Amino acid sequence: MSEDTALDDVEVEEAPEDEIVVLAQKWKKKRGSLIMALHELQGRLGYVPRESAMKLGREMGIPLANIYEVLTFYNYFKLESPGKYIISVCTGTACHIKGSPKLLHGIENELGIKEGESTPDGEYHLQGVRCLGCCGLAPLASVNGKVYGKQDVTDAHGLLENVKRDEPMHVAAESDDAE
Amino acid sequence: MTDMINATINGVPVEVAPGTTILDAARKVHVKIPTLCKHPDLEATGACGICIVKVQNTGKMLRSCCTPLDEGMDILTETPEIVEVRRGVLELTLSRHPNECLTCLRNQNCELQALAADFGMTTSDLPNIVPDLPLDTSTKSIVLDPRKCILCGRCITVCQQHQNVWALSFLNRGFKTRIAAAGDIPLADSPCVRCGQCSAHCPTGAIVEYDETVAVWNKLQDPEAYCVVQIAPAVRVAVGEAFGFPIGANLTGKIYASLRRMGFKAVFDTNFGADLTIMEEASEFKSRLLEGTGVLPLITSCCPGWVDFMEKFHGDMIDHFSSCKSPHEMVGALSKTYYAEKMGIDPAKIFVVSIMPCTAKKSEIIRSKEMSSSGYQDVDVSLTTREFARMIKQSGIDFVTIPDEQPDHMLGAYTGAGTIFGATGGVMEAALRTAHYYVTGHDAPRVDFEMTRGLEGVKEGKLNVAGKEIRVAVAHGLANVEQVLEKVRAAREAGEELPYHFIEVMACAGGCVGGGGQPYGATNELRTKRAAGLYQEDQAGLWRCSHHNPYIKELYSEFLGEIGGHKAHDLLHTGYQVLPEYKR
C-alpha cells in the first residue's frame, strides 16, 4: 500500500451505508418507526445527510418526500452537518480502557465546548460515539470519516493540529509498527 | 340497499347516500358552499376551513368538504356568523400571499382571487408578510413559486397519491411550512416527471406552466424565421373552455384559422403524427407478435411523463417500450426534412411550435439526441393549451366568430384514429385498428374497440385477430401503472404466459384530455366530455384507420420508403435509458 493512502478511508465512508441497511431492517417492519430510524441515524452521524436519507428511504420503502416531511417538521433533526469538522471520539469498551474519556475532556477544554456541542464559529462539532469498529487502533477518534487512531490521550491539542492539517493516520506507519 | 340519509340544508330537505359529504349534499339542493383547498377531483384534506357550515342541532361549525351528512342534521350554510369566519380564513390566507395579481399568470383565473372578489376583501388589519422563497424554474416545464402557495395540499395529493411520483411535499411546520420538491432540491433533480398535474390542480399561481409565449411571439415577428405549428388531439376539445364554449366542443377549424392569423406559415396537425405513430407502432407490434423481433407486451411511449416515469422507476421495462417517438416529435422531424425539401425551404429557418395539453412535452423536446433527428432541434417550443389560449386573447382574434379553416394537408390531414389519441385508450384503439389490418390484410369488420374507452383506471380486454387472442391493458394516471407492470413481472419471473400483448399508458388521468397543460378544473365529468368531443369526430370522419390516410401513404411513397425502414427509423424512432431515481 502506498504511503499516502489514508487508513481505512474507503471502509469508514462505506460503513454508514451498511449501517443504514441494518437500521432499515431493524425498523422496517414496525409501523410508524421512521422517526426512530432517523433518530438512530442522526445519533450516528450527528445529522441526517441527504444521501443517507435517500438510502434509508430506499431500504425502508419510504419516499424521500415523506422522510423530509418528518425531518423538517421536528426541530431536533439536523439536515446540515453541525460543524466543518465533526469529531467523533470513540467511547467503546476498548477505547474507554485506553483512556478515551480523558481525550474527550481534553478536546472539550481545547475547544471550550461540551460533548454534543458545536463551536460558535461552526468549525468543530464534538461527539462521543460508541464503537467505531477498529478497536485495534484504540484509543481513536474519527473526523469527517477519517480515522485518527492510537492517540495520546493527554495530547488533545496535537490531535486538533493534525485535524487542521488533515493528517489522519497513515497505513504505512501502521504496517511499519506491525513489522 | 342501505338506508338513505335524510337531513335539511338551509331548511331544504335533502336525501343522500350514506357517506356523502355536506358539501356534495348541498350541491344537490343548489347550495354552493365556497371552497378553496378542496378540488372536486381530489380527496378532501380539510386544510383551509373556508367551507365551514353550522350544524344547528349541536351548534358546531364543521368543514363541509370532509364531514359526511348525518341523519337528521339541520345545516345552515350562510349566516352572518359563518360569513365572518370565512372572511377570517380569507384574511389570514391573504395576509401571507403576495399582492401580485396583475403580474401573475393566474390573473383572472385564480381561485383565491375569485374568492377575495366574492367576499369583497378590500381591507385588512393584518400586515402582509410574504415568505422570502426562491422561484424554481429548473424543470423548464413547471414553475414553482412557493411564495404564492396557500398550503392547500392539492399538488401533494395529486403528485403522491394519483401519480405516485412523490416529487412534492410540505417542508417545515407552522408559519414556516412551505411546498418544495422532495428532499428540498431543485424540482428538476427530484423524481418529478413534469406531468404538470400539480399545476393543473393548483388554485393559485404557486405552480404554473413554464411560459414560453414570448419566445414564440418573437419568432413570429422575425422575418428570417419560417414558423410552423401543430396542435395535439386534446387541445381542440379543451381550448374553447377559455372562450365560453361548452366543454368538449371541437374547435379544430377555428384553431387553424387563429394560428394562421397569428402569422404561422404552415398549420399542421399532431393527429397526422398520431396516424404516423400508428403506422410504425402497429408494424412494430406485428413483427414482435408474429416474427418475435422483440419482447412482448409492447408498451406505448407517446406520453413523455410516462416515459420519464418508466426511465426513473421501471427501468427493467425498457425493452418493452415502443421505439416510436411521440406524434408531435414525428411531425417536428418531418417539418424540417420532408416539408422543407418539398417546399424548398431552408430547414435551419423553420421554427416548429407544438401546442400540447402537456407540460412534460416542454422537456421531451430536449430529452435526447434523437429529438434532433432532422439535424436541428425537431420541435423548437412546446406550448400548453393554457399558453395558447392566452396567445389567442393577446392577438385580438375573435375566437368565437372566426370561420373555420383547413390545415396544411401535407402534415395536417388525419384520420379518426389520430384524433382519439387524446383520450385514454385512444392510442390502443387506433393501434388495434391498423394492427388488425397488418396481421390479417383486411380491416376489422368493426373498428370501435370499446373495451379501451372510459375512465376506469385500468382497462383490460381481449380480441381475436386471425385466430390469435390478443390481450391488451390500458392504464392512465401513473398510480395505476404499477399493478399492470407487476402482473407482467410476475408472469415473466414465473415463466408463465404473458398477461398482455400490448399496454397503453398515459400519465394523466383521462389521458391527454386531462393533461397537465389543459384548462383548469378537470374532473371526471369534464374529462368524459372532452373525450366525447374526440370520439364524435372519429365517428363522423371519412377515414377511421391510420393506414387509410392518403397523405401518410404519400409520405411513405415519396419520402420515407418502407414502414419501419431506414429513413423511418432515423426520423421517427428513439431510445431509452435507465435514470437514477434521484439525481445527487
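Predicted model: local features only at pLDDT ≥ 70, side-chain atom pairs only at ≥ 80, totals over all residues.

Q: Okay. Which domains does the assignment give for chain B?
A: The assignment for chain B lists domain 1 (5-92), domain 2 (109-121 + 133-209) and domain 3 (214-572).

Q: What separates the centres of domain 1 and domain 3 of chain B?
A: Taken over C-alpha atoms, the centres of domain 1 and domain 3 of chain B are 42 Å apart.

Q: Now the 5-strand open sheet in chain B: what's the strand order?
A: Reading across, the order is β2-β1-β5-β3-β4 in chain B, and the pairing is mixed.

Q: Which strands are at the edges?
A: β2 (12-16) and β4 (60-63) of chain B, each of which pairs on one side only. As for twist, the average is 35° from one strand to the next.

Q: How does β3(B) pair with β4(B), parallel or antiparallel?
A: Antiparallel: strand β3 (residues 52-55) of chain B is joined to β4(B) by 4 bridges. One pair to look at is B:Lys54, whose bridge partner in β4(B) is B:Met61.

Q: Which other non-glycine residues have a positive phi of about 50°?
A: B:Asn10 has one, and B:Ala466 has one as well.

Q: Where does B:Asn10 sit, and how exposed is it?
A: B:Asn10 is in the loop between β1 (5-9) and β2 of chain B. It has 16 C-beta neighbours inside 10 Å, so it counts as partly exposed.

Q: And B:Ala466, buried or exposed?
A: B:Ala466 is exposed, because 11 other C-beta atoms lie within 10 Å and the cut-off for exposed is 12 or fewer. You'll find B:Ala466 in the loop between β15 (458-465) and β16 (468-476) of chain B.

Q: While we're on backbone geometry, which peptide bonds are cis?
A: Among them are the bond joining A:Ala138 and A:Pro139, with omega about -5°, and the one from B:Leu296 to B:Pro297, with omega near -5°.

Q: Where are those two prolines, A:Pro139 and B:Pro297?
A: A:Pro139 lies in the loop between β2 (124-129) and β3 (141-143) of chain A. B:Pro297 is in the loop between α8 (270-290) and β12 (298-299) of chain B.

Q: Helices next. Why is α9(B) described as largely enclosed?
A: Because 9 of the 10 residues of α9 (residues 304-313) of chain B are buried, the rest of the structure largely encloses it. The buried residues include B:Trp306, B:Phe309, B:Asp308 and B:Glu311.

Q: What covers them?
A: The cover over the buried residues of α9(B) includes α11 (360-364) and β17 (502-506) of chain B.

Q: And α16(B), how far does that helix reach?
A: α16 (residues 524-540) of chain B has 17 residues and reaches 24 Å from its first C-alpha to its last, close to the 24 Å expected at 1.5 Å a residue.

Q: Which of the α16(B) residues are buried?
A: Among them are B:Leu526, B:Leu534 and B:Tyr535, along with B:Arg527, B:Arg530, B:Glu537 and B:Asp538. The cover over the buried residues of α16(B) includes α13 (416-419) of chain B.

Q: Last topic: how many residues of chain A are in contact with chain B?
A: 10 residues of chain A are in contact with 13 residues of chain B. On the chain A side, α3 (50-60) and α4 (64-73) each supply at least two residues, and α4(A) gives the largest share, 6 residues.

Q: What's that chain A side like by class?
A: The side of chain A that touches chain B has 6 nonpolar, 1 polar and 3 charged residues.

Definitions and conventions:
Residues numbered from 1 in each chain as written. Chains lettered and ligands numbered in written order. Contact = placed C-beta atoms within 7 Å. Nonpolar A, V, L, I, M, F, W, Y, C, P; charged D, E, K, R; others polar. Pairing = 2+ DSSP bridges. Axes fitted to C-alpha atoms, helices over the stretch in contact; angles between N-to-C directions. Domains from an automatic or database assignment. Buried ≥ 20, exposed ≤ 12 C-beta atoms within 10 Å, placed from the backbone. Expected span 1.5 Å × (residues − 1).
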